[in-house]
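Subject: Structure for you to look at

Hello,

Here is the structure I said I would pass on. Please open it first, then read the notes below it.

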Amino acid sequence: MDSARIVPVPPSLRRGFYYSMVQSKPKDPWSLLNLDLPARVAPAVGDDRHALHGAEPPQQHVSKSEGMGAWQWKKMLLELASIESISYFLAWRLLNILLFLFLLRWTKKTWWKLRGRGIIGTVVEFYLSLRRVLYGYFLRMPMVKGKVSKQVTEAITKLQRKLIPEDTVRNLSLPKNGMAHDEVRAELQKLAGMEHTRWEDGFVSGAVYHGEDELIKLQTDAFEKFTVSNPIHPDVFPGVRKMEAEVVAMVLSIFNAPAGAGGVTTSGGTESILMACLSARQKAYAERGVTEPEMIIPETAHTAFHKASCYFKIKLHLVACPAPDYQVDVNRVRRLINANTCLLVGSAPNFPHGIIDDISGLSKLALKYKVPLHVDCCLGSFLVPFLERAGFETVPFDFRLKGVTSISCDTHKYGFAPKGSSTVLYRTQQLRTYQYFVSADWSGGVYASPGIAGSRPGALIAGCWASMMSVGQEGYIDACSTIVGAAKSVANGISTSPILTAELEIIGNPLVSVVSFTARNLNIYDIADNMSSKGWHLNALQNPPAIHVAVTLPVAKVWEKLVADLELTVEEEREKERERIVKGTGKKGRAVGDSAALYGVAGSLPNKSVVEDLANGFLDTLYKA
Ligand SMILES: *Cc1c(COP(=O)(O)O)cnc(C)c1O
């Protein structure tokens with residue numbers, strides 16, 4: 001009770017929890033402020049009490065040379081405190097509050113982490129990140145670094161040779177006098193005819209979703225009429241405004257949006273996802289004051305969510321999608337939800353495995369915990385909404401599930417619109433408002449734009465509108481039968497052909513257009529590379545190692561050849577393995593192909609910085625004229 005006398009606290013403050021803490025705890029509150037006084041002054045600290053009551057401290061404790069300065073400084077502070085003696089109390093109290101908040105924050109975070117990942121999961125995560133950091137140091141050791149960078153450079157040079165033909169004229173500066181239009185057209189013809197992987201023959205997974213000449217012609221006509229148009233000027237281009245609004249309305253209707261829903265068009269699936277994440281982040285901030293937003297996504301969700309996390313500083317929680325169904329583990333999602341959660345995510349379907357997550361389960365969570373749920377239907381686009389009408393098995397995925405608050409749908413995938421066209425849909429217009437950007441006091445005038453872009457190509461909106469109007473519901477149902485039918489035939493081929501079933505295993509139960517598979521014994525990347533040598537361009541996947549084919553209209557025409565070539569490839573790779581065993585060089589053999597090298601060798605490293613270097617080199621290569 002002694003210290004209560006030290007601090008003259010006005011009666012009005014002599015109440016409550018903090019006051020009783022002050023009364024009982026601090027014998028020497030100044031030491032808490034950590035003023036770092038010289039050691040010789042320290043024993044005199046008890047004399048603060050005198051100071052507070054106006055008395056001088058005992059001089060013998062203070063050395064003249066250094067102690068006096070420190071003492072005077074301290075005295076000044078103390079005088080300040082006694083002028084407003086209450087400020088002393090407040091400072092101490094503030095310190096306590098800060099400490100309390102600090103501890104609360106870390107206790108909360110630790111608790112969230114433990115609840116979200118479990119003790120083992122947390123330890124494993126820690127171990128993996130430690131390993132990553134240590135391996136990073138290893139890679140930076142002078143000797144290792146030299147070797148690695150030499151290999152990276154070699155790989156990039158090889159890539160350049162493949163991507164950049166040597167024997168072409170390179171235009172590195174503007175032609176002095178413009179070329180005649182016919183000349184330009186001839187050049188364009190040559191560019192279009194450059195040697196490439198033949199999507200026209202259906203050998204490319206995904207990439208070109210329609211490609212029939214008649215639709216291309218219609219889209220080109222639409223471009224021509226709206227080449228100069230820009231929806232940022234709705235009064236100049238009213239037709240574009242009308243078409244954009246109608247595209248959004250039509251997509252909303254196929255996803256069973258309720259009254260009051262809204263949407264926008266974007267440049268592609270990535271932008272649609274970025275906008276949905278931004279909207280969710282802004283909502284959490286505006287409505288709940290969340291300043292450290294987090295989102296919970298399936299491991300298999302599109303990497304655009306990682307981009308959103310990086311661009312918009314939203315902490316990302318990845319949730320495993322375990323065998324046998326390869327859907328996101330809803331229970332683990334639940335455990336990761338906390339007060340900072342601004343968005344849950346499910347895919348319908350995801351890119352790697354073509355699996356539709358348990359959107360109903362996620363929707364229940366979203367409703368229960370009152371957090372938004374985004375469904376990534378970029379790939380599912382115009383297939384998933386028509387599965388039922390095309391006679392295929394389906395699951396709930398759209399706005400009919402009450403917890404679903406936003407959906408991204410790529411018109412430029414199975415909507416067959418020209419590339420550069422997608423939509424993001426919101427259950428309410430308020431959610432859409434959260435993605436808007438408005439600048440009210442810019443010297444260029446009041447500025448408002450719906451998304452990232454300022455000016456936008458009206459021609460693409462016209463191309464999208466024209467495609468949707470010409471294909472129509474029946475057209476999309478037909479396309480769905482053809483494409484999903486072919487995907488099912490490929491899956492069926494893999495699981496019934498004696499050669500293929502013995503070696504390949506389909507991942508999960510794909511309901512849409514993507515079929516992915518792993519190899520039981522062979523290296524799946526050797527199979528991918530062998531298929532490449534036969535002209536096929538399939539997608540290599542990792543974690544687990546697998547490949548997939550995304551069936552499109554061109555692929556649907558040649559699915560039988562795809563299965564036949566897979567059989568041939570598996571037999572050839574088996575034969576190679578047999579030879580290796582006979583020669584005694586081991587079952588697996590060295591990685592020879594590009595995917596085998598990238599995913600087999602570089603992919604197994606604990607720290608992916610080498611892969612990042614390679615990828616950066618790849619991007620640089622794209623800009624080598
Ligand atoms: C294609 C795709 C996207 C978006 O990709 P963009 O290339 O930006 O259009 C998003 N999610 C999934 C599942 C996809 O397949």
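Among contacts in the chain between residues at least 6 apart in sequence, what percentage join residues at least 24 apart? The figure is 70%. Keep in mind while reading that this is a predicted model.

Overall make-up

The chain has 625 residues, and 36% of them count as buried. Its secondary structure consists of 22 helices and 13 strands.

The core

There are 127 residues in the largest nonpolar core. Within this core, the residues with the most contacts are Cys277, Leu344, Leu383, Leu425, Val490 and Val551.

Strand E1 (residues 262-266) has four of its five residues buried, so the strand is mostly covered. E1 pairs with strand E7 (residues 422-426) in the antiparallel sense, over five bridges. In that pairing, Gly263 has Leu425 of E7 as its bridge partner. Leu425 was also listed above, among the residues with the most contacts inside the largest nonpolar core.

The ligand

The shell around the ligand holds 14 residues, and those that come nearest are Gly269, Thr270, His302, Cys378 and Leu379. By class, five residues of the shell are nonpolar, seven are polar and two are charged. Helix H11 (residues 269-288) supplies three residues, the largest share of the shell.

Helix H20 covers residues 559-583, which is 25 residues. From its first C-alpha to its last, H20 reaches 36 Å, close to the 36 Å expected at 1.5 Å a residue. The buried residues in H20 are Trp559, Leu562, Val563, Leu566, Thr569, Val570 and Glu573. Look at the spacing of those numbers with one rule in mind: an α-helix has 3.6 residues a turn, so residues three or four places apart point the same way. The cover over the buried residues of H20 includes H16, helix H17 (498-503), helix H18 (524-533), strand E13 (546-550) and helix H19 (553-556). Just after H20, Gly584 takes a positive phi of about 80°.

Helix H8 (residues 181-192) has twelve residues and reaches 16 Å from first C-alpha to last, close to the 16 Å expected at 1.5 Å a residue. How many of the twelve residues of H8 are buried? The count is zero, and H8 is hardly covered.

Two loop residues

Asn543 sits in the loop between strand E12 (539-541) and E13. Asn543 counts as exposed because it has 12 C-beta neighbours inside 10 Å, and a residue is exposed at 12 or fewer. The C-alpha atoms of Asn543 and Tyr599 are separated by 9.8 Å, although the two residues are 56 residues apart along the chain.

Lys402 is in the loop between strand E5 (373-376) and strand E6 (404-409). Is Lys402 exposed or partly exposed? Lys402 counts as partly exposed because it has 13 C-beta neighbours inside 10 Å. Not counting residues up to four places away in sequence, Lys402 touches Ser363 and Leu367.

Regards

Definitions and conventions
Residues numbered from 1 in each chain as written. Predicted model: local features only at pLDDT ≥ 70, side-chain atom pairs only at ≥ 80, totals over all residues. Near = placed C-beta within 6 Å. Nonpolar A, V, L, I, M, F, W, Y, C, P; charged D, E, K, R; others polar. Core = buried A, V, L, I, M, F, W, Y, C linked by C-beta atoms within 7 Å. Buried ≥ 20, exposed ≤ 12 C-beta atoms within 10 Å, placed from the backbone. Expected span 1.5 Å × (residues − 1). Contact = placed C-beta atoms within 7 Å. Pairing = 2+ DSSP bridges.
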